[in-house]
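I opened this notebook to record what I looked up in the structure shown below.

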Amino acid sequence: MAEPTLAQRLGYAAEAKLVVINADDLGSCHSANVGVFECLATGTVTSATLMVPCPWAREASSRYRGEDIGVHLTLNAEYELYRWGPITHAPSLLGGDGGFPRTMEDVWDHADLDEVRRECRAQIERAILWGFDVSHVDAHMGTLQLVGPGVQRYMGFPARAVAAEAGAVFTDHFRYIGGVGSRATFERDFATLRPGVTEFLLHPAVDSAELRSLATDDWASRVDDYQMICREDWVRRTLDDAGATLIGYRPLRELARASG
């Protein structure tokens, strides 16, 4: 007898198309905090993840009212002039200019595994201390991310099987978006959803002098992600037309807990 699918374990039909839309980078700046919480309030964005080490993470906690929010495990600070760093003593996680390394490769080349483990645990514990009912974890810039099966070939071992054996519950599919700006991926992939649980991500933020001052070239894409959810209605309509059901991460968390 075949093992039940993740959808069936969550109480849906085997062929159900379940979609998580997750807003990354909560806490990265004030504009992101405003944008993410407004997107969550629409119900189309079903979860978000908090960057605990960032300067505006504590402010994000003051806005929290029980939404489905996890921890965006952070080992990178990608901006040249806007820096943040570890909340633990972690010399191997410093890039030399007062913050985390700017690239994934720098982390992979220099990070001490024990320091990484302590830092990640501390970020989760701080989020809980601030009052978040942490629903899930993912990773900033994909540095620690357990993504699609194709990544296993790059990693050289069956990471998803190892995680499942340890009791982790994770989505069947993940629509990776390189960089920032999700409109093109949403427009392309909503029409070709496969059965199972699929995560899409976006990086919403409201337009502001603060956002533009971060010396990045992606501020407009973050604003577009926000407007796509809060000023347009095609995302929900397109998912409805595709027969998809929106869910958050709490059902997956409860499944993991029930499975021991």
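**Nonpolar cores**

I looked up the largest nonpolar core and found 56 residues, of which I21, L50, I69, F186 and V235 touch the most other members. Helix α2 (residues 30–42) gives the most to this core, namely 6 residues. A second, separate core has 11 residues, including L6, A16, V197 and L255. I took a nonpolar core to be a set of buried Ala, Val, Leu, Ile, Met, Phe, Trp, Tyr and Cys residues joined through side-chain atoms within 4.5 Å. Buried means under 20% relative accessible area, exposed over 50%, and partly exposed in between, with a 1.4 Å probe and protein chains only.

I note that the model is predicted: local features need pLDDT of at least 70, side-chain atom pairs count only at pLDDT 80 or more, and totals for chains, interfaces and linings use all residues. Residues are numbered from 1 along each chain as its sequence is written, and side-chain values use heavy atoms, with hydrogens and water left out.

I then listed the contacts (heavy atoms within 4.5 Å) of L50. Leaving aside neighbours within four places in sequence, L50 is in contact with L26, G27, A57, A60, I69, G70, V71, H72, A127, W130 and F132.

**V34**

V34 sits in helix α2; helices (H or I, at least four residues) and strands (E, at least two) are DSSP runs numbered from the N terminus. V34 counts as buried because its relative accessibility is 16%. Not counting residues up to four places away in sequence, V34 touches R63 and V206. I also checked V34 against T143: the two are 109 residues apart in sequence and 26 Å apart in space, C-alpha to C-alpha.

I located S135 in the loop between α5 (113–129) and β4 (137–139). S135 is buried, at a relative accessible area of 5%. Its side chain and that of D68 are joined by a polar contact of 2.5 Å. A polar contact is a pair of N or O atoms within 3.5 Å; within protein, one must be able to donate a hydrogen and the other to accept it, and residues adjacent in sequence count only if both atoms are side-chain atoms. Beyond four places in sequence, S135 touches D68, I69, G70, Y249, R250 and R253.

H140 lies in the loop between β4 and α6 (149–155) and is buried, with a relative accessible area of 3%. With residues up to four places away in sequence not counted, H140 touches D25, M51, H72, L73, T74, N76, E78 and W84.

**S182**

I found S182 in the loop between β5 (173–174) and α8 (183–189). Is S182 buried or exposed? S182 is buried, at 1% relative accessible area. Its side chain reaches the backbone oxygen of L201 at 2.6 Å. Residues up to four places away in sequence aside, S182 touches I177, L201, L202, D225 and M228.

**Second largest pocket**

Which residues line the second largest pocket? I listed P4, T5, L6, R9, R160, A164, A168, V169, F170, T171 and D172. The elements that give two or more residues to this lining are α1 (6–9) and α7 (159–165). A pocket, on a 1 Å grid over the protein atoms alone, is an open set of points where a 1.4 Å probe fits, with protein on both sides within 12 Å along at least five of seven lines; lining residues have an atom within 4 Å of a point.
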